[in-house]
Amino acid sequence: MKKLLYILPVFLISALLIVLLNSCYGIESNPDSNDTPDPNDTTAAKPVIYLYPTSTTDVHVTLDYDGELTCTYPAYTDGWHVTAHPDGTLHDASGMTYNYLYWEGVTDAEYDFSTGFCVSGEDTAAFLEDALEKLGLTRREANEFIVYWLPLMEANPYNLIAFQTEAYTDHAELSVTPAPDTLIRVFMAWQPLDAAVDIAPQTLDAPAREGFTVVEWGGAQVGTGAEK
């Protein structure tokens, strides 16, 4: 009897913990709930924006996004207002320091895979190093891109990769004041594959980095229902 009395409180505590965890992480106990994510939605993951003026400059950046912003840092209100320095360091009005402006969002935009690359998982790092250099990223920017995406890609048998142009920029319009002399936006849509596929190769190039330069990179995993 004493053993039963001991087990019962433990069981009740375990049940309470499960309810609390479900609540914190948004897990629905009702399998018929209508809160299931739309499988057509895709998360634009970690687009980051670097600002490199030729002299210390107050900069205002706004994003007209065809979707829902889910996370921004620093906080996005009527845009981002920062003081940018030539080395890319950013300060806000309170004196906080940032390396870049960060945002994520969810959209039902469709990405273009008419051209691209099919890359084995084990070759993904080398591929990205070469591709990002052609797309105009510095070594530091490319390194930050690769360390974010590579853990999600290198264990896959293959990855289908297509760097987006208008299919991305038309749904995420960026406005910067004062206007930059050079704007580079790199957005990678990709899909893990079990087997290689044929795809027409994509031409990769970038403008020369001159004057006030603004650089953005981000990406989205598509086609699997798994969002990141």
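Student: Helices (H or I, at least four residues) and strands (E, at least two) are DSSP runs numbered from the N terminus, so where does Glu110 sit?

Tutor: Glu110 is found in the loop between β7 (101-107) and β8 (115-120). This is a predicted model, in which local features need pLDDT of at least 70, side-chain atom pairs count only at pLDDT 80 or more, and totals for chains, interfaces and linings use all residues. Residues are numbered from 1 along each chain as its sequence is written, and side-chain values use heavy atoms, with hydrogens and water left out.

Student: Is Glu110 buried or exposed?

Tutor: Glu110 is exposed, at a relative accessible area of 69%, where buried means under 20%, exposed over 50% and partly exposed in between (1.4 Å probe, protein chains only).

Student: Switching topic, how many salt bridges are there?

Tutor: The structure holds four salt bridges, each a side-chain nitrogen of Lys or Arg within 4 Å of a carboxyl oxygen of Asp or Glu. One of them joins Arg209 to Glu141, at 3.0 Å from N to O. Arg209 lies in the loop between β12 (200-201) and β13 (213-221) and Glu141 in helix α3, so this pair ties together parts 68 residues apart in sequence.
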